[in-house]
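Q: I'm new to reading protein models, and I'd like a close look at one chain. Could you walk me through how it is put together inside and where it meets its partner?

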Amino acid sequence: MRTIELNVPSWPGHRAGQHLDVKLTAEDGYSAERSYSIASAAGEPVAITVERLDDGEVSPYLTEELGVGDELEVRGPVGGYFVWEAADGGPLLLVGGGSGIVPLRSILRQRGLSGSDAPVRLLYSARARSELIYRDEIARHRDGVEVIYTLTREQPADGWTGYTRRVDPALLAETAWPAGKHPLAFVCGPTSFVETVAGGLVALGYEPGRVKTERFGGTGGR
Amino acid sequence: MEELDGNGVAGLLQEIFGTEMTTAVVTCGSCGAVAPIAEAVVYPGGPGTVIRCRNCTGVLVVITQIRGMSCVDMMGIGP
C-alpha cells in the first residue's frame with residue numbers, strides 16, 4: 001500500500017470520493033489503465049493510495065517503481081456518484097472493506113476541512129491489524145466521528161478493542177445509525193462485501209437511494 | 001474475471017460522452033430495473049468493456065476501443 005501525491009498543473013479540482021484514471025504505456029505501445037479513488041479532500045493536492053496486487057499490471061509499477069519526479073498519464077477527476085460534499089449533510093455512515101477505506105478517507109478529510117458537523121460513524125473492516133491504513137490519521141478525528149474497527153482474519157491478543165468478525169447484518173444492526181436518523185451511507189470494498197453491507201442496510205430500513213456503493217474486484221478486507 | 005461497478009468506468013464514459021455519466025439512470029431493456037450506471041456490473045477485462053444490469057445481468061452497454069475509435073453499443077438500454 002502506497003500513497004502517492006501528484007502534481008497536476010491543470011487539475012480543475014475534485015470532490016471527495018471522485019476518481020482518477022492512470023494509464024501506463026509500454027515502449028511497444030501496449031497500455032493498461034486503472035481507476036483509483038482520490039484519497040485527498042477537495043482543495044488538497046491530488047493523492048491516490050494504491051494497493052499492490054501481485055498479478056496487477058499497473059499497481060506494481062505505482063507501488064514499487066514510480067519515483068519522485070516521474071511523470072504519469074492521468075485523466076480526471078471522474079465520477080459523480082460516490083461523492084460527498086458538506087451540503088449533503090449526514091449523519092454519515094461510512095463502511096469500508098480493505099482498501100475501500102480510500103475514498104472514505106477523502107470524505108472524512110473533506111468533512112474536517114469544510115467544518116461540517118455532520119456526525120459520522122466509520123465501520124472499517126480489514127483482514128489484520130497491520131493492514132489497517134490511515135489508522136493514526138483516523139484516530140485524530142474527534143468531534144462527531146465514531147470509528148469502529150473489525151478484523152476478519154486476526155484476533156490480536158493484546159489491547160484490541162475492536163471487533164474480530166466479518167461485517168454481516170447482525171454487526172450492522174449493532175453499529176450502524178438507526179434508519180430513523182435518515183442517514184447517508186457510503187460503502188466501498190470488494191464486491192461481496194459491498195453487496196452484504198448494502199443489502200443489510202436496506203434491510204435495516206435505509207433508503208436505497210441514500211446507500212451509495214462502490215465495488216472493486218480485489219479481496220481486501222475479507 | 002475481474003468485476004467492477006460503474007464507478008470504475010467513469011473516465012471511459014466521460015471520454016466518450018463528454019460528461020459525467022455514472023449518475024445517469026438507465027432502464028434495463030431485459031428486466032426493466034432502473035438504476036444509475038454507477039450501480040451496474042462492469043467487466044473491463046475482455047476485448048471490450050461490458051456493462052451489465054445488476055438485477056438480471058442482462059447486457060446494457062458494450063464499449064470497444066480500437067485504433068483510436070470507440071464503438072458503443074447500447075443494446076440493452078430500455079425505452
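This is a predicted model: local features need pLDDT of at least 70, side-chain atom pairs count only at pLDDT 80 or more; totals for chains, interfaces and linings use all residues.

Now for the overall form. Chain A has a radius of gyration of 17 Å, close to the 17 Å that the globule rule gives for 222 residues, so chain A is as compact as a globular protein of that length. Its C-alpha trace spans about 55 × 40 × 30 Å along the principal axes. Of the 222 residues, 41% count as buried. Look also at which residues meet: among contacts in chain A with a separation of 6 or more, 74% join residues 24 or more positions apart.

Where they touch, domain 1 of chain A contributes 12 residues and domain 2 of chain A contributes 10. On the domain 1 side of that contact you will find 5 nonpolar, 5 polar and 2 charged residues.

That brings us to the inside. The largest nonpolar core has 68 residues, and those with the most contacts inside it are A:Leu94, A:Ala185, A:Phe186, A:Val187 and A:Val197. Both domain 1 (2-78) and domain 2 (86-216) of chain A give residues to this core, so the core lies between them.

Finally, let's turn to the partner. Here 16 residues of chain A are in contact with 15 residues of chain B. On the side of chain A that touches chain B, at least two residues come from each of β2 (19-25), β5 (73-78) and β10 (211-216) of chain A. The element that gives the most to this side is β10(A), with 4 residues. By type, the residues on the side of chain A that touches chain B divide into 8 polar, 4 nonpolar and 4 charged.

Notes
Residues are numbered from 1 along each chain as its sequence is written. Chains are lettered from A and ligands numbered from 1 in the order in which they are written. Two residues are in contact if their C-beta atoms, placed from the backbone, lie within 7 Å. Ala, Val, Leu, Ile, Met, Phe, Trp, Tyr, Cys and Pro count as nonpolar, Asp, Glu, Lys and Arg as charged, and the others, Gly among them, as polar. The radius of gyration is taken over C-alpha atoms; the globule rule is 2.2 Å times the number of residues to the power 0.38. A residue is buried if 20 or more other C-beta atoms lie within 10 Å of its own, exposed if 12 or fewer, and partly exposed in between; C-beta atoms are placed from the backbone. A nonpolar core is a set of buried Ala, Val, Leu, Ile, Met, Phe, Trp, Tyr and Cys residues joined through C-beta atoms within 7 Å. Domain bounds come from an automatic or database domain assignment.
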